[in-house]
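Hi there,

Here is the structure I promised to pass on.

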Amino acid sequence: MRRLLAALLALPLAVPAARAQAPLPTPARFLGFEPGEDRKLPEWKQVVSYFEALDRASPRVTVRTLGKTTLGRPFLAAFFADSATLADLPRYEEIQRKLADPRLLSGDAERRQLVADGKVVVLITSSIHSTEVGGFLSPLRLAERLAGGEDDEARAVRANAITILVPSLNPDGVDIVGQWYKSSLGTPWEGSGPPTLYHHYTGHDNNRDWYAFTQVETQMVVDSLYGKWHPQVVNDIHQQGAGGSRIFIPPYMDPIEPNIDPVLMAGVAQMGKAMTWRMLADGFTGIANNTAYDAWTPARAFQHYHGAIRILTETASASLATPVSIPFDSLRAGYNVDAKVANVDFLAPWQGGKWTLNDIVTYQTAASWALLAQAADDRAQWLQSAARVQANAVAGRRAPGRGDWPATIVIPPQPARDTAVNAVVRILQRGQVELRRATAPFTAGGKSYPAGALLVHTAQPYGAFAKALLEVQRYPNLREYPGGPPKRPYDVTAHTLPLLYGIDVALVPDSVEAPSAPVTPQAQTRWAARGLTDNKARRVAVFHNESPSMDEGWTRWLLDQHRIPFTLVSARELRAGNLGARFDAILLPEQAARQIARGPTGAYPDSLKGGVGEEGAAALKAFVEGGGTLVALNDASEYAIEALQLPVRNVLADQRPTQFYAPGSIFRVELDRAHPLAAGFTAPQPMVWFEASPAFEVTDPARASVVARYPAQGDPLLSGWLLGGDKLAGKAAMVDVTLGKGHVVLFGFRPQYRAQSMATYPLLWNALRPIPVRPSARTAATR
């Protein structure tokens, strides 16, 4: 009744039924099939053509091209509202700007007027993960109803909301996956994932980029949509595995990152339950809440620090666009939810059966439409709630019991780390954080700072974003049940930029009132690696497996950004041998030893099969013995140890999660500063990024030297979560093994983690350069 009343009240602002627009172009006209049809996926150019045609045909649609993707495709955002609203978009953008920053308001009266006049802005993003192919198609169905629906609810949505629809956050992946899928139809590997990353650099990690902002797709959305439109509600459309619930809708499971305003989390819960209620009433089953997905890391939840609720939906997958059959008895249990048993977070189990692409699209579209209808129905409440969150931020308020809240964060001048400071400042500025530069010396927290120090006052619209990134994380010790194994977080547990980038900061309880001036937007400092940048003489290779590795993608991105020439080398090329004639250094990105050795398994073309194998292992050994350098990152180190029979063992290999657990944390290490591989390390606190990593013990010190080791005493945890830290005591994190005339450098961590761990880049560059002979090693060789 309330929804109907809102729709009726909104009718004067909508296009009257008597003047309804002419029939609009349909998705099927441009795709050649109905969205959701089995075994049919679109090309990106078809999606673009449909949205452009919709823009031309309807005054309720405005399509903007935000820029070009990594591989050069157009990146679209489509705005939907009634024609009067779209004709006056600058006015509504200004309302959003003022509500997002209460300092721009003259008082409560102006705020109330803006709430009365404004529209709730809803951002819907889709298909960032390109094997989640329902996300290619659901935006087309949503667009069709948003533009052409003449029912009361569609009119109310257009009258009360501005919907910004991003049909794909990864247009390149639409074609990468679509082309692979079409080529696989009728083969034994139909429905398998492509043998390449579906984002050129990041693969599945592209939705872990929402605070580092490394990729152009992330930057376009942050700069052009979040930075200008300040949405109150965000719906992020995803897919999950096929064997559990049919769809996840928040509330999220614990933990909640402590810098998120509780008003937003209450909004997430309210919206998620409203969507669940509506979908159940409409006959949908298998809807799960409070399971699997948390709200801890800002790498996936930029919105929660920028005044918006993030409603993640995760719909069960098929085999890409190929149907699957899922018997009820095969449905599996997850955190808080057993897909075969009803409970308070899973009220109506799905009974199993055939699951199709059309089912995926239908669930996704129904969930998103339920969100739109609720946002439009409670338009004023969403605006008022977001305004309250921003008022809390500007007042410097925080929820009771949520820990210390510094009034100022100081970044002192540190010339030896200028590049790292520049990178952190640019992250903060892209996240709309205001910084000031001291124009005179000052004292804060009992310490003196020179002019030029940077100040971040946390009482500002996005001060919580700065605090979350600049402080240490203490992830709670959660267990699946009392005394049981650790409760796995959905992603990683640490995101402390000062440790990752290797800079000093100080969190000061009081507000620093030193003379200062605003910091203008900073240009990026030119990245370079001495002896490697623009040096074609140093022949670097990066291993490319047909079983793709995201770490390979991040490595390529980092080398490209530093302009370090490199060659991709396949398993087949490694097996061919004579590697020293082509390369000086070969890098094995992070990947399980079995994947490196065997390559793709399961139903794939024979042309893709076959890993490095015994022939490749022998060729790598000959390459090192002849004077080459093999660099192995994280799990790839275990491959190098096994394949080349190195005098090193992984002391964590047999540890169960109840004995040792570290799901993405930052650890303290001690460096051998005399070792050439440690040269140029400038971070004030030596650290490594540890995520399901090995830790080493050298079994023959005459052949291997430790470059970095964990402290023999004390807790190595700097940020995140660690169980069983005593297992690391005195163990090695980085080892240099001499083999013949060459070296194998074993990293028990990812020195280029998601292009964020700038503090450890020098260790990687040192490993890729010619490695000088240490004085002790030279003496031993002449004995």
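This is a predicted model: local features need pLDDT of at least 70, side-chain atom pairs count only at pLDDT 80 or more; totals for chains, interfaces and linings use all residues.

Let me begin with the pockets. The largest pocket has a volume of about 1000 Å³, and 47 residues line it. Nearest its centre are Met-550, Glu-590, Asp-635, Glu-691 and Ala-692. Sorted by class, the lining of the largest pocket holds 21 nonpolar, 13 polar and 13 charged residues.

The second largest pocket has about 680 Å³ of space and a lining of 34 residues. Gln-239, Gln-240, Gly-241, Tyr-293 and Arg-332 are the ones that lie nearest its centre. Here the elements that give two or more residues are strand E5 (233-240), strand E10 (309-316), strand E12 (333-334) and strand E13 (337-338). The lining of the second largest pocket is made up of 15 polar, 11 nonpolar and eight charged residues.

E27 and E29 pair over five bridges. One to look at is Pro-663, whose bridge partner in E29 is Glu-691; Glu-691 is also among the residues that lie nearest the centre of the largest pocket.

E5 and E10, from the second largest pocket, sit in another sheet. Eight strands make up this open sheet, in the order E1-E2-E4-E3-E5-E10-E6-E8, and the pairing is mixed. Its edges are strand E1 (61-68) and strand E8 (287-288), each with a single partner strand, so one side of each is left without a neighbour in the sheet. As a reminder, strands of a sheet pair through backbone hydrogen bonds, either parallel or antiparallel. Strand E2 (residues 74-80) and strand E4 (residues 161-166) pair in the antiparallel sense over three bridges, and Phe-79 has Ile-164 in E4 as its bridge partner. Helix H12 (residues 357-377) lies across strand E3 (120-126), E4, E5, strand E6 (247-248) and E10, running at about 165 degrees to E5.

The largest cavity holds about 70 Å³ of space. Its lining includes Gln-96, Leu-99, His-230, Ala-386 and Tyr-462, and helix H5 (89-100) and helix H13 (379-395) each supply at least two residues. With six nonpolar and six polar residues, the lining of the largest cavity has no charged residues.

The second largest cavity has about 60 Å³ of space. It is lined by Ile-128, Leu-169, His-199, Asn-206, Trp-210, Gln-215, Glu-217 and Thr-218. By class, that lining divides into three nonpolar, four polar and one charged.

Happy to go through any of this with you.

Best wishes

Methods: Residues are numbered from 1 along each chain as its sequence is written. Side-chain values use heavy atoms; hydrogens and water are left out. On a 1 Å grid over the protein atoms alone, a cavity is a set of points where a 1.4 Å probe fits but cannot get out, and a pocket is an open set with protein on both sides within 12 Å along at least five of seven lines; lining residues have an atom within 4 Å of a point. Grid points are joined across faces, edges and corners, and a volume is the space filled by probe spheres set on the points. Ala, Val, Leu, Ile, Met, Phe, Trp, Tyr, Cys and Pro count as nonpolar, Asp, Glu, Lys and Arg as charged, and the others, Gly among them, as polar. Helices (H or I, at least four residues) and strands (E, at least two) are DSSP runs, numbered from the N terminus. Two strands pair if DSSP finds at least two bridges between them. Contact means heavy atoms within 4.5 Å. Axes are lines fitted to C-alpha atoms, for helices over the stretch in contact, and angles run from 0 to 180 degrees between N-to-C directions.
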